[in-house]
Amino acid sequence: MQGVVKLYDPNTGVGVVVLDEDRSEVYIRAGSLAGSVFRLLRQGQRIVFEVEESDGLRFIHSVRMGSDGR
């Protein structure tokens, strides 16, 4: 999936991404960037990622650069 970073707090590692697909929001949680080339994100930055659901909320993981062809 692709989306744009709406909010990101580098101190906590928590934030929000708006999905290109349907403009819904998914969350960035501490550890979401683990294993990716990113150490922090900035507002308005476009990213590619996978989404997982936990406790009724959707979170990003496997953040990477590039395009997923959508």
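This note describes the charged and aromatic side-chain contacts of a predicted model.

1. Salt bridges overall. The structure contains four salt bridges. Among them are the pairs of glutamate 25 with lysine 6, arginine 29 with glutamate 52, and arginine 64 with glutamate 50. These three are taken in turn below.

2. Strands E1 and E3. The side chains of lysine 6 and glutamate 25 form a salt bridge, with an N to O distance of 2.5 Å. Lysine 6 belongs to strand E1 (residues 2-9) and glutamate 25 to strand E3 (residues 25-28), so this contact ties together parts that are 19 residues apart in sequence. Glutamate 25 has a relative accessible area of 34% and is therefore partly exposed. Lysine 6 is likewise classed as partly exposed, at 35% relative accessibility.

3. A salt bridge joins arginine 29 to glutamate 52, and their closest N and O atoms are 2.5 Å apart. Arginine 29 sits in the loop between E3 and strand E4 (46-54), whereas glutamate 52 is in strand E4 itself; the pair links distant parts of the chain, 23 residues apart. Arginine 29 is partly exposed, its relative accessible area being 28%. For glutamate 52 the value is 30%, and this residue is also partly exposed.

4. Arginine 64 and glutamate 50 meet through their side chains in a salt bridge of 3.3 Å, N to O. Arginine 64 has a relative accessible area of 33% and is partly exposed. Glutamate 50, at 34% relative accessibility, counts as partly exposed.

5. The aromatic pair. A search of the whole structure returns one aromatic pair. The ring centres of tyrosine 27 and phenylalanine 59 are 6.2 Å apart and the ring planes stand at 50°, so the arrangement is tilted. Because tyrosine 27 lies in strand E3 and phenylalanine 59 in strand E5, the pair ties together parts that are 32 residues apart in sequence. Tyrosine 27 is partly exposed, at 33% relative accessibility. Phenylalanine 59, by contrast, has a relative accessible area of 11% and is buried.

6. A charge over a ring. Arginine 29 lies over the face of phenylalanine 59, at 4.1 Å from the ring centre.

Definitions and conventions:
Residues are numbered from 1 along each chain as its sequence is written. This is a predicted model: local features need pLDDT of at least 70, side-chain atom pairs count only at pLDDT 80 or more; totals for chains, interfaces and linings use all residues. Side-chain values use heavy atoms; hydrogens and water are left out. Helices (H or I, at least four residues) and strands (E, at least two) are DSSP runs, numbered from the N terminus. Buried means under 20% relative accessible area, exposed over 50%, partly exposed in between (1.4 Å probe, protein chains only). Rings of Phe, Tyr and Trp (its six-membered ring) pair if their centres lie within 6.5 Å; planes under 30 degrees apart count as stacked, over 60 as edge-to-face and the rest as tilted. A charge sits over a ring if NZ of Lys or CZ of Arg is within 6 Å of the ring centre and within 35 degrees of the ring normal.
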